[in-house]
Amino acid sequence: MVNPGVTNPQIYPLSLPRLLALNLGTHANTLSDRNVSNQVKTGILYGISVGPGDPELISLKGLRLLQSVPVVAFPAGVRGNPGMAEQIVAQWLNSTQVQLALTFPYVQDDAVLSSAWQVAAEQVWQYLEQGQDVAFACEGDASFYSTFTYLAQTLQLLHPEVKVQVVPGICSPMAAAAVLGLPLTMRGQRLAVLPAIYTVGELEAVLDWADVVVLLKVSSVYEQVWQVLQRRNLLNSSYVVERATLPNQAIYTNLCERPNLQLPYFSLLLIQVRSTNFRF
């Protein structure tokens, strides 16, 4: 494994929305110098969807690209532990590939996040500008609530010449339905997917019109959600899945008896508002 260092990556003290209007004049000299001796074709950034956890759920195309690029990037884990995407792809990589862990803080502060995206983008750019392709491995699907979206957007704002390609994959709602033995939707059923941040009022409104609801990363709001489901008599048609498709996967049914579940970050709740009573 090669552990590359990054020397003084430039940090731009602007939020991502302001970057959209950024005049890249500060990069003019650098761009001019690069155009004079632009003999190396810029590498491609690939967003590789690696699925919910089981390493065998990576697509054939995704696996081929992961094993062929010289650089594989992924979100860094916390407290020195490997992150989810890194764990998924570890067995498929070889010792000659650069493995680049990028730090994305788990916060809601726009300024902190913007700085982190910019630092990560410049780390990746160091390889792309040398003509090396980079594959960014992200759990689930690269276009579904993924960190890759912010990385690619920031990188293209700072370096518009960068080409980005995305390889789709299996996201957590599909994986959860599969391990539960349920069809996620049938016929004309309406599906709603809510991320981790929502209010109880928003959930109540969604439950009024959706037939199936998936709540992602439900751990931080589980107790409030449980109370809503109890009032609506939906606990018997609701299911919690944590770490779907991994060896330590856990499934919780009979939620009437589980008002205080302590769940990990990678957990979701699937609600059949209007159940079809069909199982595989």
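## Salt bridges, sheets and aromatic pairs in a predicted model

The side chains of E242 and R243 meet in a salt bridge, with N and O 3.1 Å apart; a salt bridge is a side-chain nitrogen of Lys or Arg within 4 Å of a carboxyl oxygen of Asp or Glu. The structure is a predicted model, in which local features need pLDDT of at least 70 and side-chain atom pairs count only at pLDDT 80 or more, whereas totals for chains, interfaces and linings use all residues. Residues are numbered from 1 along each chain as its sequence is written, and side-chain values use heavy atoms, with hydrogens and water left out.

### Salt bridges

The count comes to six salt bridges. Three of them are listed in the table, one of them being the E242 and R243 pair.

| D211 | R190 | 3.5 Å |

The bridge between D211 and R190 links distant parts of the chain, 21 residues apart. D211 lies in the loop between α8 (200–209) and β7, and R190 in the loop between α7 (172–180) and β6. These element names follow DSSP runs numbered from the N terminus, with helices (H or I) of at least four residues and strands (E) of at least two. D211 has a relative accessible area of 8% and is therefore buried, while R190, with 43%, is partly exposed.

E204 is buried, its relative accessible area being 19%, whereas R232 is partly exposed at 30%. Both residues belong to a network of salt bridges that links E204, D208, R231 and R232.

### Two open sheets

Strands are taken as paired if DSSP finds at least two bridges between them.

Another open sheet of five strands has the order β6-β7-β10-β8-β9 and mixed pairing. Strands β6 (191–194) and β9 are at its edges, each pairing on one side only. Here the twist averages 15 degrees from one strand to the next. Strands β7 (residues 212–216) and β10 run antiparallel and are joined by five bridges, with V214 opposite L270 in β10.

### Aromatic pairs

A pair of aromatic rings is described by the distance of the centres and the angle of the planes. Rings of Phe, Tyr and Trp (its six-membered ring) pair if their centres lie within 6.5 Å; planes under 30 degrees apart count as stacked, over 60 as edge-to-face and the rest as tilted. A search of the whole structure finds seven such pairs.

In one of them, the ring centres of F104 and F136 are 6.2 Å apart and the planes stand at 85 degrees, so the pair is edge-to-face. F104 is in the loop between β3 (98–102) and α5 (110–128), and F136 is in strand β4 (residues 134–138), 32 residues apart. F104 counts as buried at 12% relative accessibility, and F136 is buried at 1%. Together with F148, F104 and F136 form one aromatic cluster.

Y106 and Y265 have ring centres 5.5 Å apart and planes at 85 degrees, so this pair is edge-to-face. The two residues are 159 apart in the chain, Y106 in the loop between β3 and α5, and Y265 in the loop between β9 (250–252) and β10 (267–272). Y106 is exposed at 57%, and Y265 is partly exposed at 39%.

Key
Buried < 20%, exposed > 50% of the residue type's maximum accessible area, 1.4 Å probe, protein only. Axes fitted to C-alpha atoms, helices over the stretch in contact; angles between N-to-C directions.
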